[in-house]
Amino acid sequence: MFSSFSSFSNPFRLPRFLSGGTNATIAIDPVEVHDVELQHDKRSRTLKHLLRLNHVNNSIIYHDLEFHNHMAHILGSAYLFDAEPDHLNDIYNVEAKELEPWKDSPGEVSTYDWRDYLGDARYQRAYVDFFEDELVLNGYDWRKVLVTYLFQGKEPLINNLVSGLGHPLIHLGYAYELSSRDLAMEALAMAATSYNHLHKYLDDPSYTKPSPNPSKSPLELLCRLQKDNRFEGVLRDPGPDNIQPLFQDHEAVMLEYWNAWQISEPTPDFQASQRAAAALLVASRKAGGAPYDFFLVHVLTTSHAVRILLPLLPAKYHVPLVRQWWLLTLSVYIAQLRPEILLRSVGDYDLKGRDWGWVDQQAVGGKHALDAHYVKGLRAMKTAARTWGDEDRFYLKAAVRFGYEFDGWGGFGLSSREGAQPTDDKYA
């Protein structure tokens, strides 16, 4: 049911001075692009219509400017799981109930001051309007607009895509996979409105230093972090409010772990990170224990977005983008109180004859097929299995266990539980 990989020309037509070498290339095949703007079958036409409807009617950030609009993510994931038009319509009708219409921004954004409002979500409408004006000026070449605003400048937006819990990164992945200019402009607006302090760790090379205790395994480092008593008693309750204090009060330790991951063989090292992302979500939940952690699933879905984008990026951005993901992973893992990762809970899991066909059915026909993060999580693990192979069936076991056991999200702190819905993702 899942589309096979195919090669296509690099859509990032970067100026020559931005092109990097190949010494740090992560060499993986691109996934197939589904140009829903040009395809005429009913499924594609339905998806195109619903994405456009969402783009016109619903803001990209809502609920007091804390939550992100996931409509495109679940529609795109379901479509790529071969969902029928009726199911796509059902998704839209359910998801739209909690979204909010656009509101006017305090002012307009122009080419002269567009960076002045970075990080201010009140300007989300203004940023979308601005980037769409740029789209017109560039002959509707949305890839050219992305190159201009993602890559160029002293502090380019590409170095802060993991802000907002990685939603700009995730959105950009769907923009390319579905060849959607609407999603591309929304992704730029998300990157602009979510912009925060994390960019400095990529923009300023002084934060990258040799580690006294490096490791090539992100899983090993997460297990080391889980036992690190320097974080004992630092946090009482899981949740997004932990992130800012971690960087304010414990920056040195966090950067110690950030720099400890030694990426000396970029392709196999990225492969290890994808396995770690699946393990962190699935193997951190004890059998019969609490619900799956809502924030940890973002570690997996952002890793998936990195996998989508890497074949399209110049080599000079490969390792920095993966290191962005690693910084987000460490932040979220610590903020969620560093749950123990029990790999045997996945490795020893009994599939009972269930295969990827069963996973496909859960994604489009199971009782949680309308939950955006559930569907995205399943798809991320299936794509990882297809990218790297799955000889030990680790990804299949992780996906089946997650698909079967899932019954809602947990991981919310006290502030999140007071009136918040399980779509709360207000990581600054």
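## Helix α3 and its buried side

In helix α3, the residues Pro85, His87, Leu88, Ile91, Tyr92 and Glu95 are buried, where buried means under 20% relative accessible area, exposed means over 50%, and partly exposed lies in between (1.4 Å probe, protein chains only). These residues cover an arc of only 165° around the axis, which puts them on the same side of α3; the arc is that of the directions from the helix axis to the C-beta atoms. An α-helix has 3.6 residues a turn, so residues three or four places apart point the same way. The buried residues of α3 pack against α1 (42–57), α2 (71–80) and α16 (356–365), and contact here means heavy atoms within 4.5 Å.

The length of α3 can also be checked. The helix runs over residues 85–96, and at 1.5 Å a residue its 12 residues should span 16 Å; the end C-alpha atoms are 16 Å apart, which agrees. The expected span is 1.5 Å times one less than the number of residues. Helices (H or I, at least four residues) and strands (E, at least two) are DSSP runs, numbered from the N terminus.

## Basis of the model

This is a predicted model, in which local features need pLDDT of at least 70, side-chain atom pairs count only at pLDDT 80 or more, and totals for chains, interfaces and linings use all residues. Residues are numbered from 1 along each chain as its sequence is written, and side-chain values use heavy atoms, with hydrogens and water left out.

## Helix α5 and the residue after it

Helix α5 (residues 142–151) is mostly covered, as 7 of its 10 residues are buried. The buried residues are Trp142, Val145, Leu146, Val147, Tyr149, Leu150 and Phe151. They pack against α4 (124–137), α6 (167–177) and α7 (181–194). Just after α5, Gly153 takes a positive phi of about 105°.

Most residues other than glycine have a negative phi, and most peptide bonds are trans. Asp64 is not a glycine, yet its phi is positive, at about 55°. Asp64 lies in the loop between β1 (61–62) and β2 (67–68), and this residue is exposed, with a relative accessible area of 67%.

Ser179 is not a glycine either, and has a positive phi of about 50°. Ser179 is found in the loop between α6 and α7. Is Ser179 buried or exposed? With a relative accessible area of 6%, Ser179 is buried.

## Aromatic rings

The structure holds 28 aromatic pairs. Rings of Phe, Tyr and Trp (its six-membered ring) pair if their centres lie within 6.5 Å; planes under 30 degrees apart count as stacked, over 60 as edge-to-face and the rest as tilted. The rings of Phe394 and Tyr395 have centres 5.8 Å apart and planes at 80°, so this pair is edge-to-face. Both Phe394 and Tyr395 are buried. Ring pairs also link Tyr292, Phe294, Phe295, Tyr374, Phe402, Phe406, Trp409 and Phe412 into a cluster.

Arg125 lies over the face of Trp102, at 4.3 Å from the ring centre. A charge sits over a ring if NZ of Lys or CZ of Arg is within 6 Å of the ring centre and within 35 degrees of the ring normal.

Lys216 lies in the loop between α8 (199–203) and α9 (218–226), and is partly exposed, with a relative accessible area of 31%. Leaving aside neighbours within four places in sequence, Lys216 is in contact with Trp261, Gln262, Ser264, Glu265 and Asp269. Which side chain lies in polar contact with that of Lys216 at 2.9 Å? The side chain of Ser264 makes such a contact (2.9 Å), and the side chain of Asp269 makes another (2.9 Å). A polar contact is a pair of N or O atoms within 3.5 Å; within protein, one must be able to donate a hydrogen and the other to accept it, and residues adjacent in sequence count only if both atoms are side-chain atoms.

Arg379 is found in helix α17 (residues 372–388). At 1% relative accessibility, Arg379 counts as buried. A polar contact of 3.1 Å joins the side chain of Arg379 to that of His304.
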